[in-house]
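Please look over the sequence and the model below before reading on.

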Amino acid sequence: MNAEGSLIAAVLGITLIKATPLTYAALGGVISENAGVVNIGLEGIMAAGAFSAVVASYYTHNLVLAVVGALAVGAVFGLILAYFTVTQGADQIIVGMAINVLGVGGAAFLLAAIFGQPGASPEVTSFSTIAAGLPGNAAWPILFLRYALVWGALALIVGLQLFLYRTKRGVHVRAVGEAPHAALAAGIDVFRVRYAAVITGAMLAALGGTYLSIGEVDLYSDGMVAGRGFIALAAVIFGRWTPLGAAGACLFFGFFSSLQIALQRANVPAQLLEMLPYLLTIVAIAGFIGRTRPPAADGIPFERT
Amino acid sequence: MRIVAARLLPVVLALAAGSIVIILAHGNPVQAYGALLQGSFGSLQGIAETLAQTTVFIFAGLSVAIAFRAGLFNIGAEGQLLVGALTTAVAGAHLHVVAPLEIAGCLACGALGGAVWASIAGFLRARFGASEVITTIMLNYIAYLGANYLVSGPLRGSALAPETAPIDAAAVLPPIVAGTRLTAALPLAIIAAVGLWWWLGRTVGGFELRTVGRSERVARYAGISVTRVIVKTMAISGALAGLGGACEVLGLFHRFNAQLSPGYGFTSIAVALLAQSNPLGVIVSGFFFGVLSNGALSMQAFAGVPKDLISVIEGLIILFVALRWAGAQVTLHERVSESTSVGDGAVL
């Protein structure tokens with residue numbers, strides 16, 4: 001392969017790798033917001049997921065249990081968000097901010113408490129260490145396992161799009177987010193659907209965090225999520241609250257992160273490129289590129305009256 | 001008395017939950033909180049440092065609180081604080097006038113920087129209905145990355161680290177207690193809080209702001225220009241956060257670097273919520289977070305409990321306040337649904 005070809009391949013590869021954690025979190029945001037609950041706590045849940053995957057892997061040396069551990073912690077955060085916003089009708093933005101503080105702060109606290117060292121955890125069993133330990137040297141099983149979470153994200157995009165727009169349950173989710181009272185009249189259990197969507201969404205965000213810690217590298221370090229939860233939130237809006245749109249936005253943002261590596265050699269400051277997702281979201285939300293409209297009942301507590 | 005108890009409830013609950021966390025982490029809550037208080041109040045030096053750290057929480061807390069009163073959720077205090085700190089540092093390095101004037105000029109530049117930054121969100125909200133929640137989050141990152149770029153490039157004033165040149169000696173806020181970091185910034189923050197309290201409760205401008213916060217529809221019927229109030233509120237909110245950043249530079253750091261705030265702008269949400277957005281209450285809750293922030297290190301050193309426990313307590317406080325507010329918190333939603341119905345909806 002010539003140099004140009006390998007550069008393009010590298011850019012595409014890095015795009016997928018950078019887009020994967022964003023995609024999980026953004027799809028989590030999409031399903032939650034489609035049911036009418038804004039999850040502004042994606043950042044904190046990603047941190048909690050990334051950290052708990054490392055803890056589970058540290059104690060069990062088992063990838064499956066690591067992922068399950070992260071999903072469980074994600075579900076707990078989802079349950080907290082759902083209980084406070086759906087059952088208690090508390091402000092979704094405030095509860096989301098609390099979750100961010102709890103997720104990021106809790107991970108930092110436990111990192112010091114469990115491993116006795118601030119900053120970063122020891123290296124643990126990860127997707128790359130397991131893949132490297134596969135017998136033989138067949139390329140594709142290694143690639144499959146090494147990037148299992150990347151392939152998983154791609155499958156999830158299609159799956160969630162089909163679920164939301166082609167299945168009865170998906171229609172229920174969107175109905176609850178658009179017109180909860182009408183949904184209730186049609187016999188849909190608004191509270192149950194919202195709980196399910198919020199918890200599922202939080203689990204997906206935790207999976208995004210898992211990819212950051214034991215998918216891309218093999219440890220957790222403080223500040224590892226680095227605003228990706230908010231970029232995912234941006235992708236939800238930029239992608240107009242659909243799975244395909246949000247995933248497209250994540251790929252687009254991932255593409256820019258990969259370009260950074262190429263453009264840094266051309267002396268384009270990295271910070272200015274990193275700003276792009278945030279700038280574009282402001283442009284999008286101000287309506288400069290077509291109307292962006294969230295689900296009608298997004299952000300509003302449901303009261304049975 | 002019952003009102004005070006009700007306001008303290010989230011704090012008590014959060015500290016109680018914090019004790020459980022400490023026990024689970026094999027620590028001793030009494031020892032941990034004792035070490036925290038010892039660090040915050042154990043010496044004149046400690047008390048002065050606690051008060052010095054209170055300053056920024058008051059300014060940033062006021063920023064979030066005044067926005068809340070107008071029904072706006074400013075999550076962007078962090079970015080506004082950074083922009084204010086940066087403009088202050090640049091002014092402090094270039095103004096070259098006599099001391100009182102230079103300090104005043106620097107503070108004005110900090111307030112202006114924060115105000116301009118917040119006004120972007122205010123304008124987009126008023127003109128296009130763009131949710132200030134989203135725009136201020138995005139502006140935080142743009143501010144951080146932009147400041148980072150500026151201090152590593154065009155504004156870099158140090159060969160050793162990505163930071164600006166030091167401010168003039170004339171711009172430095174001197175300590176009011178010798179040998180400590182406590183400066184006139186604290187009285188300034190208290191004056192700002194009292195001034196804001198008076199303005200909100202006793203002037204037409206404050207009344208308009210609160211009316212918009214209660215109901216945009218009612219405000220419109222009363223002939224109040226909702227657009228103008230939103231833009232003005234965001235500008236004041238940003239100016240307060242900018243002043244917080246300015247005081248950090250003039251009083252503590254004497255130059256700017258992009259790591260200057262460990263998330264003061266986010267903690268300020270807890271400060272404002274705990275004070276129920278009352279400016280006088282912000283003085284108290286800002287002090288509370290100053291105590292936590294200053295005591296955390298000695299808790300870690302002398303009780304072996306990681307300092308990040310205070311983030312956990314902060315998160316729990318926000319959660320418990322949110323719970324207590326449930327139901328009473330309709331204003332934020334009312335605003336969104338109302339303005340949507342007249343065609344300039346806030347996009348969440």
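Among contacts in chain B between residues at least 6 apart in sequence, what percentage join residues at least 24 apart? The value is 75%, where contact means heavy atoms within 4.5 Å.

## Basis of the model

This is a predicted model, in which local features need pLDDT of at least 70, side-chain atom pairs count only at pLDDT 80 or more, and totals for chains, interfaces and linings use all residues. Residues are numbered from 1 along each chain as its sequence is written, chains are lettered from A and ligands numbered from 1 in the order in which they are written, and side-chain values use heavy atoms, with hydrogens and water left out.

## Chain B as a whole

Chain B contains 14 helices and zero strands. Helices and strands are DSSP runs (helices H or I, at least four residues; strands E, at least two), numbered from the N terminus.

The radius of gyration of chain B is 20 Å, which agrees with the value near 20 Å for a compact globule of 348 residues. This radius is taken over C-alpha atoms, and the globule rule is 2.2 Å times the number of residues to the power 0.38. The C-alpha trace of chain B spans about 60 × 50 × 35 Å along its principal axes.

Of the 348 residues in chain B, 59% are buried. Buried means under 20% relative accessible area, exposed over 50%, and partly exposed in between (1.4 Å probe, protein chains only). Chain B exposes about 13,200 Å², of which carbon and sulfur atoms supply 70%; accessible areas come from the Shrake-Rupley method with a 1.4 Å probe.

Chain B has 18 positive and 14 negative charges, and their mean positions are 9 Å apart. Lys and Arg count as positive and Asp and Glu as negative, while His and the chain ends are not counted. Each charge is placed at NZ of Lys, CZ of Arg, CG of Asp or CD of Glu.

## Buried residues in helices

A:N100 belongs to helix α4 (residues 92–115) of chain A. Because its relative accessibility is 6%, A:N100 counts as buried. A polar atom of the side chain of A:N100 lies 2.9 Å from the backbone oxygen of A:I40. Leaving aside neighbours within four places in sequence, the contacts of A:N100 include A:G41, A:L42 and A:F230.

In chain B, B:T136 is placed in helix α6 (residues 132–152). B:T136 is buried, with a relative accessible area of 1%, and its side chain reaches the backbone oxygen of B:E132 at 2.5 Å. Not counting residues up to four places away in sequence, B:T136 touches several residues, among them B:F73, B:Q80 and B:M234.

## Loop residues with positive phi

Most residues other than glycine have a negative phi. A:R240 lies in the loop between α11 (228–238) and α12 (243–263) of chain A. Is A:R240 buried or partly exposed? With 41% relative accessibility, A:R240 counts as partly exposed.

B:H26, also not a glycine, has a positive phi of about 60 degrees. The loop between α1 (2–24) and α2 (29–41) of chain B holds B:H26. B:H26 counts as exposed because its relative accessibility is 76%.

Note on methods
A polar contact is a pair of N or O atoms within 3.5 Å; within protein, one must be able to donate a hydrogen and the other to accept it, and residues adjacent in sequence count only if both atoms are side-chain atoms.
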